[in-house]
Structure formats: C-alpha cells, structure tokens
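Let's take a friendly walk through a protein model together. Keep the structure open beside you, and look for each residue as it comes up.

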Amino acid sequence: MIPSAPAHENIALLIDADNAPAAKIDFIIAELASYGVVNIRRAYGNWKKQALAGWEKILHDYAIQPVQHFDLVKGKNASDMALLIDAMDMLYTKNVGTFCLVSSDCDFTPLILRLRADGKQVIGFGGKNAPSPFVNSCTRFLYLDDDESRKATSATPDRRLTGAQLKGDSKLMNVLRSAVEAVEDEDGWASLGPIGSHIANQGSFDSRNYGFRKLSDLFSAIDLFEVKKETDGDSTRVLVRRVSR
C-alpha cells in the first residue's frame with residue numbers, strides 16, 4: 001500500500017478550471033479525504049467564459065473559492081500564473097502539508113518540483129493527455145478521464161489490465177521488481193508496507209491506474225510474484241516474493 005498523509009494534514013486544493021473536468025469533483029474530494037482536511041479550495045479561471053459554466057454551477061456546493069483572472073492577451077491564460085503565485089504564498093505563509101493540483105498542464109511541473117523540494121506532498125489529478133514530466137513530478141497522480149476515474153474508484157475485474165499486459169509494461173515491472181528487491185529479507189520475502197514506501201519514493205504511482213484497488217492485488221495478478229498473508233493476533237502482514245522464470 002502507498003502511505004497516506006496524517007489524518008490532520010492540511011490540504012490546499014488548487015484547480016486549473018480551464019484544464020479540469022467539473023464532473024470529477026466528487027472523485028477528487030473523496031480521494032483527498034484519505035489524506036487530511038481540504039481547508040483551502042480554489043479554482044482559477046476567467047469565469048466569463050462559457051466553457052467554465054460546469055465549474056461555476058458547483059463552486060458553492062463544494063465551498064470552492066473562484067479566483068477570477070481575465071485573459072490579458074488572446075491565447076494566453078493569466079490564471080495559471082495566479083495559481084502558481086498563490087501556491088508559493090501558501091508554501092511560505094500557510095501550514096499546508098499537501099498540495100493538490102487539478103490540471104493537465106505541463107507548465108506546472110516546475111511548481112510541483114519546488115513544492116516537493118520543500119518536503120510537501122503533491123497529489124495530481126488530470127487527463128490521460130497530461131505529459132509524463134508533469135505526471136512523474138507528482139507524489140501521486142490519478143487520471144480523471146471517464147474510463148480511468150471509474151477504474152480508480154471501483155477497479156472491477158473487467159477494467160483491470162491482464163497479467164500479460166502488466167508484464168508487457170517494462171517500466172512497471174522494473175519498479176515492482178526493484179521495490180521488492182530493495183526490502184526483501186534473506187528468504188526473499190518483502191513486506192508490502194515497505195514495498196509501497198519504496199515505490200512512492202521513486203515517483204508517482206497508484207495501483208488503481210492499472211485497475212487494482214490494492215497494491216497486493218496488482219502483485220497477485222502477475223505470475224512473476226508470489227503473495228501470501230501472515231496473521232499475528234489482530235494484525236495481518238502481506239508479503240511478496242519474486243518468482244524465478
């Protein structure tokens with residue numbers, strides 16, 4: 001499992017309304033509830049645009065503060081700069097441990113790297129069109145596209161990637177193998193908690209993006225790994241071991 005922030009963590013939700021679907025706000029809020037309290041909620045955009053009507057209808061329902069910025073030059077979005085400035089102000093003046101950025105705009109990558117350099121957690125939400133540098137810079141990134149967001153919440157078997165598909169993803173396999181190898185004991189078994197922590201330290205990762213609610217389920221779907229549970233009283237430990245092929 002991937003470690004979450006403490007329950008008391010203060011969260012700043014910053015929405016690039018021009019590059020985010022309003023219909024996914026329920027999923028975003030529900031996901032952030034596992035990290036802490038979303039005390040700051042802001043959505044940035046030119047609210048005179050008809051394209052933002054979807055966001056405008058739900059702002060009050062979710063206590064999201066709209067931040068208005070007119071387009072100073074045609075084709076240029078001033079709200080992006082406003083979001084960046086506010087994020088940096090919060091970094092220095094607010095007790096925020098987790099920043100949530102809802103966008104698919106790669107221009108925010110330097111901001112994310114700066115926040116993480118200061119020890120902050122950055123949760124990203126965006127579309128499948130989000131560039132890989134933006135996705136990888138986040139602590140975690142979840143997709144908001146229709147198929148992906150349903151996959152992330154329900155992770156039903158028909159939306160899961162098959163074992164063959166998972167094994168065909170060389171990047172994924174390298175991440176999983178290296179994580180198990182890094183924390184395995186003399187018998188080759190590794191606890192799932194340390195595995196999840198090791199993966200999280202390498203970059204943005206969430207098993208739900210592959211259709212699995214739990215990291216243990218993802219490992220179980222790949223025949224290159226053996227998964228077992230050990231029960232000690234009221235606690236259960238999940239162990240993973242690489243299988244030679």
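## A lysine above a ring

Start at tryptophan 189: the charged end of lysine 228 sits over its ring, 4.2 Å from the centre. Keep in mind that this is a predicted model.

## Salt bridges across the chain

Side chains of opposite charge can pair when their charged atoms come close. In this model, the count comes to seven salt bridges. One of them joins the side chains of lysine 167 and aspartate 223, at 3.0 Å from N to O. Lysine 167 belongs to helix H7 (residues 163–167), while aspartate 223 is in the loop between helix H10 (215–220) and E8, so this bridge ties together parts that are 56 residues apart in sequence. Lysine 167 is partly exposed, with 35% relative accessibility, and aspartate 223 is also partly exposed, with 37%.

Another salt bridge brings together the side chains of glutamate 184 and arginine 242, again with 3.0 Å from N to O. Which parts of the chain does this pair link? Glutamate 184 is in the loop between helix H8 (170–183) and strand E7 (189–191), and arginine 242 is in strand E9 (residues 235–242), 58 residues apart. Glutamate 184 is partly exposed, at 26% relative accessible area, and arginine 242 is partly exposed too, at 36%.

## Aromatic neighbours

Now for the rings. The count of aromatic pairs is four. Among them is the pair of phenylalanine 134 and phenylalanine 141, which is edge-to-face, with 5.8 Å from centre to centre and 80° between the planes. Phenylalanine 141 also pairs edge-to-face with tyrosine 143, at 5.2 Å centre to centre and 70° between the planes. Phe134, Phe141 and Tyr143 form one aromatic cluster.

Both phenylalanine 134 and phenylalanine 141 are buried. For phenylalanine 141 the relative accessible area is 1%. Tyrosine 143 counts as buried because its value of 15% is under the 20% limit. Over the face of tyrosine 143 lies lysine 128, at 4.2 Å from the ring centre.

## A serine hidden from view

Where does serine 103 sit? Look in the loop between strand E4 (98–102) and helix H4 (109–117). Serine 103 is buried, with a relative accessible area of 0%. Its side chain makes a polar contact of 2.9 Å with the side chain of aspartate 16.

Leaving out residues up to four places away in sequence, serine 103 touches Asp16, Asn19, Phe108, Phe125, Gly126, Phe134 and Phe141. Two names in that list, Phe134 and Phe141, belong to the aromatic cluster.

## An enclosed helix and a buried strand residue

Why is helix H1 (residues 25–32) described as largely enclosed by the rest of the structure? Six of its eight residues are buried. The buried residues of H1 are Ile25, Phe27, Ile28, Ile29, Glu31 and Leu32.

Phenylalanine 225, in strand E8 (residues 225–232), is buried at 7% relative accessibility. Beyond its neighbours within four places in sequence, phenylalanine 225 is in contact with several residues, including Met173, Leu176, Val180, Phe219, Val240 and Arg242.

The side chain of glutamine 165 reaches the backbone nitrogen of threonine 162 at 2.8 Å.

Key. Residues numbered from 1 in each chain as written. Heavy atoms only, no water. Helix = DSSP H or I, 4+ residues; strand = E, 2+ residues; numbered from the N terminus. Buried < 20%, exposed > 50% of the residue type's maximum accessible area, 1.4 Å probe, protein only. Polar contact = N/O pair within 3.5 Å; in protein donor to acceptor, adjacent residues only side chain to side chain. Contact = heavy atoms within 4.5 Å. Salt bridge = Lys/Arg side-chain N within 4 Å of Asp/Glu carboxyl O. Phe/Tyr/Trp six-rings, centres within 6.5 Å; stacked < 30°, edge-to-face > 60°. Lys NZ or Arg CZ within 6 Å of the ring centre and 35° of its normal.
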